[in-house]
Each structure stands twice: as C-alpha cells, then as structure tokens.
Amino acid sequence: MRHLSTKATCNSHGQDSSYFLGWEEYEKNSYDKVQNPKGIIQMGLAENQLSFDLLESWLEKNPEPAGFKRDGKSIFRELALFQDYHGLPAFKKALVEFMAEIRGNRVSFDPNHMVLTAGATSANETLMFCLAEPGEAFLLPTPYYPGFDRDLKWRTGVEIVPIHCTSSNDFQITETALEAAYYEAQQCNLRVKGVLVTNPSNPLGTTLSRSELNLLISFITTKGIHLISDEIYSGTVFSSPGFVSVMEVLKDRNCDKSEVWDRVHIVYSLSKDLGLPGFRVGAIYSNDDMVVAAATKMSSFGLVSSQTQYLLSALLSDKKFTKNYISENQKRLKNRQNMLVMGLKRAGISCLKSNAGLFCWVNMRHLLRSDTFEAEMELWKKIVYDVRLNISPGSSCHCTEPGWFRVCFANMTEETLDLAIKRLKDFVVEHTANGHSKSNNSSKKSKRKLLPKWVLRLRDRDHEPDER
Amino acid sequence: MTRPRPRTPESESETRNPTGGGATAMRLIVPLQGVVQGRGGLILGSLIPCALFYFFQLYLKRHRSPKPGSNPTSPSQSSSNLSDLQRSSSRSNLSSRGSIGPVQVSSRASSIAKPNDSPYYIGLDRVSGDPYDRLDNPNGIIQLGLSENRLCFDLIEKWLSENTKDSVMGRDGADLSIGGIAPYQPSDGLMEFKVAMAGFMSQVMGRAVSFDPSQMVLTAGATPALEILCFCLADPGNAFLVPTPYYPGFDRDMRWRTGVELIPVHCRSTDNFIISITALDQAFNQTRKRGIKVRGILISNPSNPVGNLLPRETLYNLLDFAREKNIHIVSDEIFAGSMYGSEEFVSMAEILDMEDIDKNRIHIVYGLSKDLALPGFRVGVIYSFNESVLVAAKKLTRFSSISAPTQRLLISMVSDTRFIQEYIETNKKRIREMHDLFVEGLKQLGIKCAQSCAGLYCWADMSGLISFYSEKGELELWDKLLNIAKINVTPGSACHCIEPGWFRCCFTTLSQEDVVIVIERIRKVAETCKISS
C-alpha cells in the first residue's frame, strides 16, 4: 500500500469524539413521525429550520434571480463564467449591509474588506492559515464548538489552548482565565497568535457582555495578538441584553485607526441566521489589508458558486424582506427556546440563561452518578440509546465541568420538540425514582422509596400544566 | 519550481559593499596585514596585532546595535534603531519567542498576499484593467490567456428556458420547497449528483469507461480537488514530478498551503511534448539525491497548455514507472470533453479497467469548468481507487463543498443525456472551427502550432519572432504582444517550458471576427520583429 500523508492517516480530526458518534447513531435510527416514531430525535444539529416559509414566499414572488435573470434579461453567461475570487460586488455589498442591519446599524462594513468563502468552516481555516504558522496557538474559551478541533487544526497545524470558563460566573471570560491560558501556552512552548471567541457563543447561547469584549480588546492590545470573533449566530439574538459586536466596542474606544483595529477579524455565514447551510456561504471581514489580500487568494480553494451569490444578492438587497425576516426569525427562535426551557424546567432540569443561538446549554449535573466525565458519558449514552435523543455532551465541547449538555431546538417541528421533552421528562422521573442520580437530600431519597413508582408518577403529573 | 531569474548586475554589486561597522572593520584590518604576515618582527608581530585586536573588539562592542531584546517590554520603549533592525532581520528572528512588537500575519499569508510576478497572472490583470470590447473598447487588450469556453452558452440557455422548473428547488415540479436544498448536505456532494457526474464523465469520454459514484468525492472546483489530493498524498517537503510545460496555476494550487514541491520534467517539441520515461527517471533520481521524497506524478491529459493526448503506450509506461518507484499518479482530465480532433481520448480509468493491476495509486481530477463551461458554479471531482484516500478526501471537502442549489440545477442538466450528447457534438464542432481558423491565421504569419486535438487553445511556436533564443527574448516578445499588439497570451516560461518561444493562445473566448483582428495585430508585431532581427 502506497504511503499516504500523515494528515490522511492520523486521527487528529476529532471525528472520533462523542459529538460525531451521536450523529452516527442517529443516522442508523432516525426519528420519523410516521415511519420510525421510536427513532432517535436529532437535537445535536444546530440548524435553523424555523423560517423556511419566509424564504420560500420570497422566492415565489421573485422568480428572476433563481432563473439567472436580471430585469428580464438572461445573465446566465456572466454568472457561468464568473470565478473572480473578489466575489460578486453586488453580493458583497448586500451582505455587508445585512450584517450592519443585524447590528442595528451601529457599525458599518466595507465590502472591500470582506472575503467570501464556502462556509464559515472554510473562513475559520483560512484565517488560521493567514494568521498563524504550524505549531503556533490560538486561545479559545471553553466550552467551544467541537468542530473547531478539526477546522482550526487539521491542515493548518495550529494548536488550540483552552481558556477555562466555569458555571460559577455563567461561563463568562475572566482576566484570570485569559492570563492562565496564555501562561499555559507558554509553558508548552507554544507561541500564542490570538484569541478566537464565538459571539454569540456556541454552545452556551449567550452573547458576550460589553465588559468581556473590553477585556478581550485590552488583552490582545497588551499581548499584541489577534482576535477573531466568530459572529455566525449574530442574527439569532432574540432577547436582551442584545448583541454587541466587537467592532462596536472598538469604535466606542476610538480604536478605529489604531494598531489593534487591524488585528480584529470577524467570521460570518448565512448558515445559521438564514438557515441556509447547504448554500455554503461564509465570509471573513478584516481591517488588515494583507490578511484580506492573502485570504482572497486562498478563497480560490473554496469559492461560493456564482449562482448562489447572485440569488442571495437579490434576496439580501430586498430591505423590506430582510427587516421582516430578522425580526420574525428572532421571535420564532425566542418562542422555541422558551418552549424548551419551560419543558426542561418541568422535568426538573435547568438551563443556562441564554438570549441567542439555536440551542440551550442544559444542566444535568444532578443526574450524574458522580461528578466525573465518565458519569457524563454514561448519562449521555443512556440519553442517546434509551431516551433516544441525540444531544451533545459538554465534554465534546471541552467543558471543564461534567454534566452540561447542548440541546438544539430549531431543527424540528414543535410537535417533535414536545415529544423530545416528554421523553426526557419520563426518563428523569424514572432516573430519580430509581435513585441513580445524586440526590441533594438523603431524607428525600428514603421518602421516595416508601411510595411505589406509579404513585410518584401520578403526583408529578398533577404539577404539569397543560402541555399543548 | 520556477526557473531562477538571471541576476542583474546591480544586485551583485550591492552584496559586495559591506555596510556600517563592517566597512570600518575592513579599514582597520587591512593595515594589519603587514603585521599579520610577520613583517614587523616578533614583538611587533605578536603584541601589536593583539593590542589592535583588543581595541578592535572594543570598538565593535560599542557600536553594535542592541539585539531585538529578550525582554518583552512594551513596544513604545523601542528605539528607532531597534525597529530598523527588526525590519531587516530574518523572519526566523521575528518569530523567536522573545521578540518585541505585535504579531504579524503568518509567513504563508505574506508570501501569498504579494502580487504574483508570473506573466500568466500579470497578463490576466492587465486585461481586466483594459478589456477589449468590439463596440465600447476596440483598442483594448484581447484576452487569449484564459482557457474559457464561450462557444456553446446558447445551448445551455435554451436548456434552462425549457427546464427551469426542475432546476433550483427540487424535482417535485410545482413544489418550491427550499427544505430540500437549504439544510446541511454531505460535504462531499449529494449522491444524486455523484451519480449524475459519473454518467456525465462516462459520456464525455465516449463511453469507453464507466465511473462508480461511490469512488467519487465532489469539491468546489478542480482547484480544491487538486489541493486536497496533495494534502492526502504528500507531507510538506515531499515532491510531485510534473511534465513541462504545465498549467501555471499548479504552482499555486499544489504548493501554497501544502508545502509540497513541484519538480519539472522537461519535454521536448521533438516528442511533441510527450513525456519520456527516461526524463522522468532522471528527474526522479536527481530529486532523490537532493534528499527529497517523490510522492507522485501529476499529468494533465488532455494536456494543458499543449493540447495533445497521452497515447495509450505512454499511459502504460507511466503506470509501470509508478509501480516500480511505488508512487502515485494524479491524472488531471479536466479537458476530456473538449476534444476537437479525430484521436481517441484514453482515460487512466480506462487503462485500469483493462489491466488487472494495483489501482490504489491512481487518482483522477475532473470538473465542469471547461467541458461544460461553468467555472463560476464551482464543480470539481476527485475520482480515486484508493479507499483511504477517499475517506480522507471526503473529510477535507468540508472546506470546499459545492453549493446545494448548484448541485440541484446541475443534477437535472447533466443527467439529460440527450442534451449532453447534443452539447458534446456541437461543442466539438465549434471548437474545431475556431481552432482551424486560428491556426490557419497563424500559419499565414509563418507561425506553426504544436500538433493538438483537445483543449481550448493552441501551442504556438513564435521562436522565429524573438531576438534572443532565451527566456529573456521570449518575455520581450510577450511584452510586445501585450503592450503593442494588445493581446494577452501565455508565454512558455510561465508554464516552465524549456524551449523558449512557445505561447499558449486560447481561442474559445473569441468570435470569428475577433480572430481576424487578433491575427492582424500579431502580424503588425511580427513585421517589426522581422525588421529588427
């Protein structure tokens, strides 16, 4: 057998993490209302399926862009030949305006500083290639999106050093944690090139506070490093305190013409906000001309289809549509999130208070046999195989505390979400009744054992409000 | 590897003049010469040199600029002296752990961000600054440097107007459901699209071979397809052997981020630029002597920029060679459907079909940018017989997946075998017409072309027009053609051709009237060249 490269043969792509194993199980036994009602419900996929009808109605009313037409004339030839890595100007303009709109027009973006890529996955990798040498490191606050272990590291040779965040302050980034991570990197002989944050956070579903953003900017200024703000969920912020972009904070600090301005880069995509991950549209925004120049050329390895660029430029240029879409989408996300949070609450499960994203960061620590990751894995397996819900365990997101899980709510119908909540509730009841979880009160435990299971279930049911 | 540029006299004299403290040191040392040679007697001969040497060291110490500092103090404390030193010091110095000052971008970024100095890219840039248009800009530069096919768009437009309902959203007729294309798709392409592409590839290659969709990985263009293969087959520092002349884009696509080297294997016009195994063997051995590991051979068949086909015999020889040396073969067959001659195209896949040989070393790259003239839609294919490569490549496609609406549209188009058959035949006819017209026009000027039967260009021998039979002479002619004749052609040196004077001229972006104008413009320059030589 011929030798393959070490990249092809090694396992460092994180594909073996539980995050992906859950998916594999789901593929084998997917829930379908009619054909497989006992199948596994997918709650590990952060996809936004709540607002397709808005997109479809727009497409129906505007058939020209999908048909390669502009003002009645066919522009098929130009699109078919268009492979300029600078991107379709009309699309970039529409995209920067959309981004500004999401930020309440408190900041504006220059299309010449934007680079289009085939999805945020490609954008993040390209930025790594541009900012770091193999063997250098980026600091990432935990918990973070499991895909980063693959996207940021695999081909680039860059390392990730975690910034440990804990539930004691709702997983906010602290100066101590930043300094500790920087120190840890140095101890490992890794040169730190920057910090990468996801704002709003995946998997937490929270937006970074102004003080955290200020802290980050001060930190990168002192250390002289880069900051990448992955703002892919910026359009999914549905309640207060609202979304504050790092660009806004920089402006407020009058950093626009300073050195640090060039070291802050934003990653964006339409996969979450518009619910179009299949379209493969991502973007890098940077004030550093060299980064823009290099990233533009590198984008040859992942250009966005000109057909897609044209279609979306028409969609996003329709300001009436975008205004309505943004607010309606946020409303629907808020309702869904609320449904999940309330449903979990009734099951005795709490979530981190969140105001964004397509998921909740759920606290199931009280259901663990012990405060260990082994116990978390045990619980997770039960939830996947017995409860038949695919959710993401906190360990796959590098969370330092066992017992947290990411549960998505925007990729299914309301009915399915209801069913998922019910399954989880039944599981919790059984779980606690069997005394498997750590109980806070030993007396409560003994009291429970006196009553038969069916009575307990009956008692709990009385507390439920009507679910539909 | 690009050919080393000839050193200009200026750069050499620069290196000879030492700067700063060095010059002073020279002046001190020279008077010592006599002493050092022992002409001053024993005392003078030993004491004085020692004393002078001591003072010399003291002098140097006082005038030495401070090092880039191991103390990470804030940048504001750095003197101008220090920042000067930083700028001139080597990159390795900058990346040392203790360096002062904020981080720069990576070395990969700074080398990529530099404007590309290959005539291939310079020419393309010049045209976009002053593009020819028959009505709006008749004195603009005519583009002959981009292998694009504009001859058959009318056919595709007709198909679109008759079939748009099925195209973007899905095959459910009236049901415009975006739910089909919006969600995450498999990163290596929809199975439906792979099936359609397998059928298409088989059709354009004359049905001599069939392709298995499960051995396919789809990517956003042939550019990422090649890069992904490089990542899978080679480690940084390894090399691929590439017959010259080759497509200038390979230097970028295969080397930029992978760290892989390209070793040219020179082919000669006497062989019609077909690779010889002797040359291949030589290149292999020379590379190995330099301590570089060769991982494979990259061939383009039909060839770019020459436009010829590799004969069956050559393909067999390449396979034997690869087997003997235990290396891979990557066959870029992107022009397989752009044949206009009467010869038969033989794909690597066809050879493997017939032979009962180890197929794990063969990988084919394909795409729709040339044969279906859709470079903007970004459709590329990796076809491999190696299961491990397929698994690894599939994972890498997440960085370059094809947009779902594009896949939907093309599934319909590419599966329409009747339309594709009509397209292939019409395309062939039109390319041939344009080719014959252009080559005949060049012939009138005394310019002969290499024998070719595929591609969207011809490989013209303009060595008769250059003043010096060298790369310099060729680039002078290229410059004249670009700035005086105002046509952009690709010089052979950009393609690493070892014989000067060859130029690639793409003619499928032109209309028949344009061809006449182009020939006329070349004639004018040709006449001035003949006068001066």
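In the predicted model described here, the centres of domain 1 and domain 2 of chain B, taken over C-alpha atoms, are separated by 26 Å, the domain bounds coming from an automatic or database domain assignment. Residues are numbered from 1 along each chain as its sequence is written, and chains are lettered from A and ligands numbered from 1 in the order in which they are written. Because the model is predicted, local features need pLDDT of at least 70 and side-chain atom pairs count only at pLDDT 80 or more, whereas totals for chains, interfaces and linings use all residues; side-chain values use heavy atoms, with hydrogens and water left out.

In chain B, domain 1 comprises 115-152 + 421-531 and domain 2 comprises 172-416. Their contact (heavy atoms within 4.5 Å) takes 30 residues from domain 1 of chain B and 35 residues from domain 2 of chain B. The two domains of chain B bury about 3100 Å² between them, with 56% of it on carbon and sulfur atoms, where buried area is the accessible area (1.4 Å probe) that two parts lose on being put together, summed over both.

Chain A is likewise assigned two domains, domain 1 (6-53 + 322-438) and domain 2 (67-320), and the C-alpha centres of these domains of chain A lie 26 Å apart. Here 40 residues of domain 1 of chain A are in contact with 46 residues of domain 2 of chain A. The area buried between domain 1 and domain 2 of chain A is about 3600 Å², of which carbon and sulfur atoms give 59%. Within domain 1 of chain A, the residues that lose the most area to domain 2 of chain A are Thr322(A), Asn355(A) and His398(A), together 19% of what that side buries.

Helix 14 (residues 319-346) and helix 16 (residues 414-433) of chain A pack at an angle of about 20°, their axes being 9 Å apart; axes are lines fitted to C-alpha atoms, for helices over the stretch in contact, and angles run from 0 to 180 degrees between N-to-C directions. Helix 14 and helix 16 of chain A are therefore roughly parallel to each other, given that angles under 35 degrees count as roughly parallel, over 145 as roughly antiparallel, 65 to 115 as roughly perpendicular and the rest as oblique. In this pair, residues of helix 14 of chain A including Met339(A), Leu340(A) and Leu344(A) meet residues of helix 16 of chain A, among them Leu417(A), Ile421(A) and Leu424(A).

Helix 6 (residues 89-102) of chain A also packs against helix 14 of chain A, at an angle of about 40° and with the axes 11 Å apart, and helix 6 and helix 14 of chain A are therefore oblique to each other. Glu97(A), Phe98(A), Glu101(A) and Ile102(A) in helix 6 of chain A meet Lys319(A), Thr322(A), Lys323(A) and Ile326(A) in helix 14 of chain A.

A cis peptide bond with omega of about 0° joins Asn199(A) and Pro200(A), and Pro200(A) lies in the loop between strand 7 (192-198) and helix 10 (210-223) of chain A. In chain B, the peptide bond from Asn301(B) to Pro302(B) is cis, with omega near 5°, and Pro302(B) lies in the loop between strand 5 (294-300) and helix 13 (312-325) of chain B.

Conventions
Helices (H or I, at least four residues) and strands (E, at least two) are DSSP runs, numbered from the N terminus.
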